[in-house]
Amino acid sequence: MEFSEHIKTANVEDVVLQQPLHPPSKGTLCITSHHLLFSDREEDSGRQVLLLLRNIDAVEKSSVENLVNYFGLFPNAGRSDRATESSGTLVIKCKDLRVLQLEIPGMEQCLNIAQSIETLSCLACVAEMYPFFYRPSNASLRDQWGLSTPERHYTEMEALHERWRLSTVNQDYSVCPSYPPAVIVPKAIGDDALKMAAKFRQGGRFPVLCYYHRKNGMVILRSSQPLTGANRKRCIQDELLLQAAIEGSDKGYIIDTRSAQQAQQARMMGGGFESKSCYSSWKRLHRHMERGKTLQESLIKLVEACGDKSPNMDRWLSKLENSKWLSHVQTALSTAGLLAECVERDGRSVLVHGSEGTGSTLLISTLAQLIMDPSCRTLEGFLTLLEREFVQQECPVFLLLLDCVWQLWYQFPLALGFSEALLLRLATEAYSSDYGTFLCNSDMERCALQVKGKTHCLFRVLLKPREREQYTNPLYEPNELAIWPSVHPQSLQLWRGFFLRWTQQTLHLELVQEDIRNMVIEWGKLALS
């Protein structure tokens, strides 16, 4: 279906726009296949608002009858006259938490615009989304795509090669649809054994290596839950795989992101956990982490609290606490800290999984690497970590991850080589983007749609000189030590830069931070000269 079929009214004059941090303005509203464009028609203004339709989360419609007719001052006016005197109002709620209000003359035009937005903002076909049409003048589709591959990751870790190998058992995605074509596994385990282990794990997500700790040779593996079921089924190949992963060590840890009760309930539904009798060298630690619907509801409550304009501080703090968002941040950082402690301080390898081995598993494995590994704290290192852990896998908790990373950035302002501006950019790009980096949920889906050949890579753009300067932390001092976050309630802060980003106070704070940043950069240049 052509995009034009969804656009009954392409442009409207005399539209009044109200948006955060700006006075109301009147101008022309245009709608295209992927964008909403507002042009201020006031002289010397030249202000435009270009909004990617994919950024729109919801549209609320209302009508306002002309007050003259409403009060009956012209009782003889006919129905058609009243229709032309009426106007419609659209309240557009965006995924980046902006709220725009459009007053559109004529209800028919208003309803047409609303219908077009609702249809075009939630296109089901990924290949119809804007990244497949975006063609910047300073880039080519032949440019290198992405920062890392499993092959490159393996090659860079030479110390692994004695005991670990790169397997292409999943080269056609038949073993595990959500894994990349190549994965790192123990050298002692053959591909046939991996296929058997995959059948024993939910979604085929058998244990694979995601991190090697250079300081002591310990590793982090991740997987999904074993399918032991109520009959306590076993898989010898899975047991041998995990035993091979800790060869030379007497014990490893399994961090299960479910409570012990949830794991028991999962076993009755066909899932389960690693029993002590079959995995005697592994000790299970349960750390309950919320996921899915619960996280979504928590985020909705937080956004509502941040949009509350009531001057009552007690009421606002009560809403913030009731959202429980910061408690989810606390749990994520605490569990990631436990994982890092097992590897860094106890010198043990760790397997991480919940049920599916996606959301909470990827969340804490990413954070733990950021805590332990200084190479992950540079701008390029962080983006590579995200690409390896999140972009190549399915994960619904990306915003929670960015909030946790911001907490690290806030507590350790010298330890991370990137700025808060990068986290804000990523938070926006993850939901609506010109680039193909965040499209699809797995490498298999991206391959089927030829994402790497038909779209541009965001991470490559962020590392270009001009962008790199904007997103680099000028206060950064490389630190080889682990950074251990405090998870006490008083240490955790609301991420104002994101959740309150469209308020006047945050704007002023951003301006001050930018001034300080510029001064630090200038001091650095003077020191070098």
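Predicted model: local features only at pLDDT ≥ 70, side-chain atom pairs only at ≥ 80, totals over all residues.
## Helix α5: the buried side

Within α5, which runs from residue 191 to 199, the buried residues are Ala-193, Leu-194, Ala-197 and Ala-198. These four span an arc of only 140° around the axis, so they end up on the same side of α5. The general rule behind such a pattern is simple: an α-helix has 3.6 residues a turn, so residues three or four places apart point the same way.

## Strand β11: covered on both faces

Next up is β11, residues 219-222. Here both faces are covered. Val-219 and Leu-221 are buried on one side, and Ile-220 and Arg-222 are buried on the other.

## The neighbours of β11

β11 pairs with β10 (residues 208-212) in the antiparallel sense, over four bridges. Across that pairing, Leu-221 of β11 has Leu-209 standing opposite. The two strands make a hairpin with six residues between them, and Gly-217 in the turn has a positive phi of about 80°.

β11 also pairs with β14 (residues 350-353), this time in the parallel sense and over three bridges. Which residue of β14 is the bridge partner of Arg-222? That would be Val-352. Arg-222, remember, is one of the buried residues of β11.

How values were computed:
Residues numbered from 1 in each chain as written. Heavy atoms only, no water. Buried < 20%, exposed > 50% of the residue type's maximum accessible area, 1.4 Å probe, protein only. Arc of directions from axis to C-beta. Pairing = 2+ DSSP bridges.
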